[in-house]
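Here are my notes on the model, point by point. Please read them with the viewer open.

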Amino acid sequence: MTMEPLFATAARIGAQLKSRRETIAVAESAAGGLISAALLSVPGASAFYLGGAVVYTPRARHRLLGLRREDVRGFMSATEPFALLMAETIRKQHSVTWGIGETGAAGPDGNPYGHAAGHDVVAVSGPVQLARTIATGSSDRQANMVAFAAAALALLEEQLG
């Protein structure tokens with residue numbers, strides 16, 4: 001397991017965002033900061049990366065994203081609507097072109113909501129809004145974290161064209 005593919009994807013994304021003068025912010029959970037780390041590995045990342053948060057708990061969701069219980073009532077973590085809410089909230093909070101939201105269960109066990117290890121949802125919010133559910137079928141926590149970050153970056157790269 002290596003971060004090199006993440007760095008390569010992030011370099012392509014960074015070049016596109018810079019050339020388009022677009023910006024991004026990230027709200028991630030089970031990826032544990034790897035999405036942001038990949039984007040920040042790009043030289044000159046400050047031209048496009050405005051901020052990010054590892055939103056791993058309900059307390060972090062409230063303190064870092066400003067989402068209260070009433071804001072998330074009816075949402076379940078690790079679902080497409082929730083990942084989209086995270087992406088849109090971080091996008092609006094940072095006034096950026098693109099927001100990424102990511103939420104899931106890295107493992108080795110599932111999450112309290114009934115999702116198995118390896119279940120994740122990634123979302124982008126910007127000129128388009130799109131979420132994608134992935135399942136690695138693995139309980140390998142570190143491999144899942146890398147896979148989740150790769151899926152989030154791939155989804156963004158697809159939308160950038």
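1. Val54 sits in strand β2, residues 49-54. Strands here are DSSP runs of E, at least two residues, and helices are runs of H or I, at least four residues, both numbered from the N terminus. Val54 is partly exposed, at 36% relative accessibility. The cut-offs are under 20% relative accessible area for buried and over 50% for exposed, with partly exposed in between (1.4 Å probe, protein chains only). Leaving aside neighbours within four places in sequence, Val54 is in contact (heavy atoms within 4.5 Å) with Glu28, Ser29, Gly32, Gly33, Ala60 and Leu64. Its C-alpha atom is 15 Å from that of Val121, 67 residues apart along the chain.

2. A word on the basis. The model is predicted: local features need pLDDT of at least 70, side-chain atom pairs count only at pLDDT 80 or more, and totals for chains, interfaces and linings use all residues. Residues are numbered from 1 along each chain as its sequence is written, and side-chain values use heavy atoms, with hydrogens and water left out.

3. Ser36 belongs to helix α2. Ser36 is buried, at 8% relative accessibility. Its side chain makes a polar contact of 3.0 Å with the side chain of Glu28. Such a contact is a pair of N or O atoms within 3.5 Å; within protein, one must be able to donate a hydrogen and the other to accept it, and residues adjacent in sequence count only if both atoms are side-chain atoms. Not counting residues up to four places away in sequence, Ser36 touches Val26, Glu28, Tyr49 and Gly52.

4. Which side chain does Thr103 meet in a polar contact? That of Ser77, at 3.1 Å. Thr103 lies in strand β3, residues 98-104, and is buried, with a relative accessible area of 1%. Beyond four places in sequence, the residues Thr103 touches include Ser29, Ala78, Phe82, Met86 and Asp120.

5. Now the pocket. The largest pocket has a volume of about 370 Å³. On a 1 Å grid over the protein atoms alone, a pocket is an open set of points where a 1.4 Å probe fits, with protein on both sides within 12 Å along at least five of seven lines; lining residues have an atom within 4 Å of a point. Grid points are joined across faces, edges and corners, and the volume is the space filled by probe spheres set on the points. The lining has 21 residues, and Ser29, Tyr56, Ser77, Gly104 and Tyr113 lie nearest the centre. α3 (58-65), α5 (80-94) and β3 each supply at least two lining residues.

6. Next, the cores. The largest nonpolar core has 32 residues, and Ile24, Ile35, Leu39, Phe48, Ile100 and Leu156 have the most contacts inside it. At least two residues each come from α1 (4-20), β1 (24-28), α2 (34-40), β3, β4 (119-125) and α6 (141-160). The most come from α6, with 10 residues. A second, separate core of 13 residues includes Val55, Ala60, Leu85 and Val96. A core is a set of buried Ala, Val, Leu, Ile, Met, Phe, Trp, Tyr and Cys residues joined through side-chain atoms within 4.5 Å.

7. Last, Gly66. It is placed in the loop between α3 and α4 (69-72). Gly66 is partly exposed, with a relative accessible area of 41%. Outside four places in sequence, Gly66 is in contact with Arg61, Asp71 and Gln93.
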